[in-house]
Amino acid sequence: MPEFLSILPFLIAPVVALLFLNLRLSRKLRYPHHLLVHDARRASASFLLRSLRGYYDFFIDLAIAIILAAAISTALHPPFPPSSAVVLDCSRSMLAGATGSRPLDLALKSLLGTGTYKGSKAFALAFDPQAMRTRLVPLEKLTAGLDPARAAIALTTELDFFSLDYAVLGELRERGFGRITLLTDSLPGGAEGLDLVETGFAVGLAAYPTAVRYDRAADSWLVALAESGPREAIQVAEWNGAESAFFPARATRYAIEEGPGGRSLRFPSAGLYLLSIRGGNGEQGIDLPIRLPAKNPPVAASGPFSQLMLKAFPLVDTGKAPGILLEDLGSGPRGARAPEARIVTALLRTEAEGLLDPASTGGRPVAAGIAKGADLAIGPAGLANEDLVLAYDAAILGSADPPFATAVPPGTRSLLRVGSAYLALTRSGPFPLIAPPSESFEARGGPALVLPPPRQSRLPWALALALLCAAKLALWKRFSGKSLLQA
Amino acid sequence: MSLIDADCAALVRAFQRRTPRRPPASSQASRDPMFRRAGSSFDLKNIREYGPSDDPRRIDWKLMGRTDRLFVKEFYEEERDGVCLLVDRSASMESFGEEEASRIAASLAWMLGALGLPTSLWAFSDRILRRMDRPRGGTSPAEVLSFFSGLESGGRTELRSALASARKTSRYRRALIVSDFLESGFAPRSSPFSRSFYVRLHRDLETMDTGNSELELLDQESGARLRMPWDAAARSDYRERERGFDEDFSGAAASGRSWYRRLEPDSDRRLLYWSFLEELYA
C-alpha cells in the first residue's frame, strides 16, 4: 500500500496536467457562430452525460494510472505472498542405512515432528512406475495422523524409491508456490531457486555391478560387484520367459568369488538374472536384475575392408540377424534392414594426422583422421598398425546391448517392479532397469538444480488495461463520429 | 511589397503576355484629350460634317433642322470599366487571419492597378472604414500599402450596406468582395453590381483543435459564447450548413452575374489570383 500511494502521484500528474490543458486551452475557441447549431441540444444533454463526454478521456486515463500503480506496487511487494511448499525427496538413497536413522526417517521427523513447515504444502518427489516418470505426490493423505515412523512405513509401502528427475520441482513454480524447500539426504552442487535441507548421506549396504562381460578365458560370464557394508548373502534368480517371472537358480548355475572391492559371480550361460542381497539391521535390500549378453555378438560386415576386418574376430556370431554392422563408408544397407548399431569405416588416401582414442586401443597409438559420416577414418599408417584391431574390438563391445539401464529405455511399454529395481518391458523383451549409483549425484561444476524465480501473473493487469484502452477508442469513435483510420 | 504577395508581379506579367485582350499600356497620348480615341461614350469629343464613310445613324438630326446641313457628333472612347474592391475588416475575419486576409486583398488590389484598371478600394465592417480611388491604376504598391496601413478591424459584418454605398458612389459596375460573408440575410444574388466577384476567406472549424467533446465557442462579432457538444451529429450538421452556404454562392455564380471562390488558410493563392484575372477579362 505505501508503494502504491508513492507511485500513484507520479502517474496521475501527467493525467491531471492533460486535464488542465484540456479544460483551459484546447476546447475554447474563437469562431463565428453563423454556421453552427443554435438549437436546444446544447442545453438538453444531461449534465452527467455532458460531463462524461467532456472528461471521459480523463476518467479513463485516471483508471489506467491507478491500475499501473497497483500493478507496479504489486510487482515490487506482492500483497499476498505466494504459498510455500516442502518436498520430500523419495530417491533410492533416502532409504540407505538402518531403519530409524535413514535420511527418510530424519526428513520425516523434521517434516512431521516439528512445526517448521506448518502452513506449507507437503509433497513427495517420487518415481511413478505407471507413468514411468518422476512426479509430485501430495503427502497429506499418505501421512495424515501418522507419526514419523509410521509415515516412513506408509511411504515405503505406497511410493517407489528410485532415481528421480529433480527438474519436476519446476512444476511447483508453475502452480504458484514461491518458497520451495527440498528435504533430501544430499544434493551435491546445491540448488538455486529453492531451499535445501540435507539430512546427510548415509552409507550402508551397497552393491553395484561394475563389469558384466563374457570371459573368454574361463568360458563363462562374469558379473563383478562393487560393494560396501557387510557382505550379506547373495540370492540368484533366473528369468523364466515362459512364466515371465524369476525363479531361484540352482547353485550349480553360478559361482561366487570373493574380491577386495566386492564379489564376482560367474554364470555358465547367458540370460536374465536377478541378484538379491538382503540387509540386516532393518536395512533395505538390493535387487540387481542383469542381462548377460550373448557369447558372440552378432556382427555382419559390408564392404571389402569391413569384411576383411570381420575375419579378425573369429568368435563373433555371423548369423542371419546381426545386431552390429561393420561397413565401409557408403557401402552399407539402408532402410529397415540396417541394424541399429553400425561401425562405419572410411579409408583415407592420405596420411591421417590424428590418433584414435587411447581408451579404445588399450593405450596403443593408432593413427586416424576424421571423415564425415564415419566412426573410424583410417589412413595408410593406421592400416599398417597391427593394434588397429583393438579399436574394432572395443567398438564392437561398445555397440553390444548393455546389461542394464539406469533410465527408462525408449520403447518401454510398462515397468515391472523387481524388489528395488524394475524390468522395462519392451518389444524385444524385458530389460533390466536399476537405479544409478550414488556417485552419479556428485557435483559436476555447477548447481545440480536451478528453478526459475516465482512468476506473478500479469494477465489480469494486462486485461484490465486492454479493456480500458478499448473503451477509450470506442468512446472516441462514438463521440467523434470518425473511424480509427481517420485518427 | 511586404503585404503584397511576391508572385503577383510575375502573375500580372504572365497574364499580360498571354491575354490578347490585355489593356493598352498607359501613355501620355492616351491620357491627353486631344489624342483620345473616338468611341461610343457619352463624352462629346467633336462635331463635324457628315462624310461618305460615316455611319448615317450618327447624324445629328436636330442640328440638320437648324442648319440644313448634315453633321455627325464624335464621342470619346468609353473608358474601361473599373472594379470596386471591398475588403471585410469585421471581427469574424480573425478566424481566417487578419494579416492573411489583408495580404490577399492588397495583392488583388495591386494586380488590378498593375493591369491599368481603375480601382476603388473600400474597407468596411459595420461601416465604411476607408475608401481610396485609383482611377488610373498603377504599378506602384505605395498607394495600396497606404490604404491597408493602420486599417482598423472589428465590429460586425455589414456587407449589404457596404455594397450599396459602393455602388451608389462609384461608377464602376464590377465589384470584388474579399470577405467571409458571415452576415445573416446576405444573398449573393442581391448584389447591386452588375458583376460581383466573391472571394470567401474561410477556416474550417474541423481543422481547429476542437477535441471530441464539449466545445465552447466565442463569436468575435457578437461576443456571445456557445457551448455545444462537438459530437458526430454536430459535425454532420456543421458540414451540412457549410455545404448549403457554398451552394448558395455557387448557384449565384452559375447565373453568370457573379463568380465565387473559397480560400482556406495556407492554400495556394496564385490559383485564386489567376482564375480571378481570367474571369475578369473573360
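**Aromatic pairs and positive phi angles in a predicted model**

Me: To start, is Phe127(A) buried or exposed?
Reply: Phe127(A) is buried, at a relative accessible area of 7%. Buried means under 20% relative accessible area, exposed over 50%, and partly exposed in between (1.4 Å probe, protein chains only). This is a predicted model, in which local features need pLDDT of at least 70, side-chain atom pairs count only at pLDDT 80 or more, and totals for chains, interfaces and linings use all residues. Residues are numbered from 1 along each chain as its sequence is written, chains are lettered from A and ligands numbered from 1 in the order in which they are written, and side-chain values use heavy atoms, with hydrogens and water left out.

Me: How many aromatic pairs are there over all chains?
Reply: The count over all chains is 24 aromatic pairs. Phe127(A) forms a tilted pair with Tyr422(A), with 5.6 Å between the centres and 55° between the planes. Rings of Phe, Tyr and Trp (its six-membered ring) pair if their centres lie within 6.5 Å; planes under 30 degrees apart count as stacked, over 60 as edge-to-face and the rest as tilted.

Me: Which parts does that pair tie together?
Reply: Phe127(A) lies in strand β3 (residues 121-128) of chain A and Tyr422(A) in strand β23 (residues 421-426) of chain A, so the pair ties together parts 295 residues apart in sequence. Helices (H or I, at least four residues) and strands (E, at least two) are DSSP runs, numbered from the N terminus.

Me: And what is the relative accessible area of Tyr422(A)?
Reply: For Tyr422(A) the value is 2%, so this residue is buried. In chain B, Phe245(B) and Phe249(B) also form a tilted aromatic pair, 5.2 Å centre to centre with 35° between the planes.

Me: Where do Phe245(B) and Phe249(B) lie?
Reply: Both are in helix α7 (residues 232-254) of chain B, 4 residues apart, about one turn of the helix. Both Phe245(B) and Phe249(B) are buried.

Me: Changing topic: what is the phi of Ser244(A)?
Reply: Ser244(A) has a positive phi of about 55°, although it is not a glycine. Most residues other than glycine have a negative phi. Ser244(A) is in the loop between β10 (234-240) and β11 (245-248) of chain A.

Me: And Asp68(B): what is its phi?
Reply: Asp68(B) likewise has a positive phi of about 55° without being a glycine. Asp68(B) lies in the loop between α3 (61-67) and β2 (71-76) of chain B, and is exposed, with a relative accessible area of 69%.
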